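Please open the structure in your viewer and keep the sequence beside it.

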Amino acid sequence: MRYKIQVTVMCWLAAIALAACGNSQATPQPQTTAPNDGFHTQAQSTLAKNSTKIIFLGDSLTAGYGLAQTDAWPEQVQERLKIAGYKTEVVNAGVSGDNSANGLARYDWSVGSANADVLVLALGANDFLQGVSPSKTRKNLQTIIERAQDDGMQVILAGVATPQLERLGPIGRSYAEIYPALAKEYKVLLFPSILDGVIGRPELLQADGLHPTKAGVEIMADNFTKYLRTQLKD
């Protein structure tokens, strides 16, 4: 089972890596504005509390495949926020191989029980690999967002290599469109792509040529922390 999960993730990342290599233009910068000014103010208020608990719900890119736990993406974000003076507690709820249905199935014990202030939702990559219809993926992500909001959490929807997905044909574009559409519908913050600056750069990938190295994750963490700090302004 673990082998199948690894192969699934590797195939998806390989497809995105090929798409990235085919584009030599500069990597787009992450979006730094919220889709709704009223919500933006509310999100700032929540995120800038004296102490904030942030939970990351994702797959192997969140879990930190092939890395020490302290080198995983959420843990690196927490380290940067603390250095910047923010009081945060980060929970890494990433599981390698998870798709959106898996994330929804374990929501209660992975997310709902964490009593967090913010949910970073980074799922959907394995849905694409496994041939799940975009409509089902969207429905699963939509349900997770609704449940998180019902539980009083602010949600940040994190896309995975969205620009690269758009170059993988109609299905890829359908998946890429899920994230901005849900962000607009539910007035949640959108971070378009957690892999910006990493995909297509062999020196930032592990020996399999697919998963980020510690240095690659550091870039992911730098990008996301910079994005978060635009939402943490006084």
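Which residue forms a salt bridge with R80? Select D222: this residue forms a salt bridge with R80, and the closest N and O atoms are 2.6 Å apart. A salt bridge here is a side-chain nitrogen of Lys or Arg within 4 Å of a carboxyl oxygen of Asp or Glu. D222 lies in helix α11 and R80 in helix α4, so the pair ties together parts that are 142 residues apart in sequence. (Helices are DSSP runs of H or I with at least four residues, strands are runs of E with at least two, and both are numbered from the N terminus.) R80 is buried, at a relative accessible area of 18%, whereas D222 is partly exposed at 41%. Buried means under 20% relative accessible area, exposed over 50%, and partly exposed in between, with a 1.4 Å probe and protein chains only.

Before continuing, note the basis of the tour. The model is predicted, so local features need pLDDT of at least 70 and side-chain atom pairs count only at pLDDT 80 or more, while totals for chains, interfaces and linings use all residues. Residues are numbered from 1 along each chain as its sequence is written, and side-chain values use heavy atoms, with hydrogens and water left out.

Next, select helix α4, residues 73-83. Eight of its eleven residues are buried, among them W73, V77 and L81. The elements covering the buried residues of α4 include β1 (52-58), β2 (88-94) and α11. After α4 comes G85, whose phi is positive, near 100 degrees.

Now select R138 and E185, which form another salt bridge, with the closest N and O atoms 2.8 Å apart. R138 belongs to helix α8 (residues 134-150) and E185 to helix α10 (residues 169-186), so this pair ties together parts 47 residues apart in sequence. D98 and R106 also form a salt bridge, at 2.5 Å between the closest N and O atoms; both residues are buried. The whole structure has six salt bridges.

Finally, colour the model by pLDDT, the predictor's confidence in each residue, from 0 to 100. The mean is 81, and 74% of residues reach 70 or more. Over residues 16-45 the pLDDT is below 50. Where pLDDT is low, the predicted coordinates should not be read in detail.

Notes: Contact means heavy atoms within 4.5 Å.
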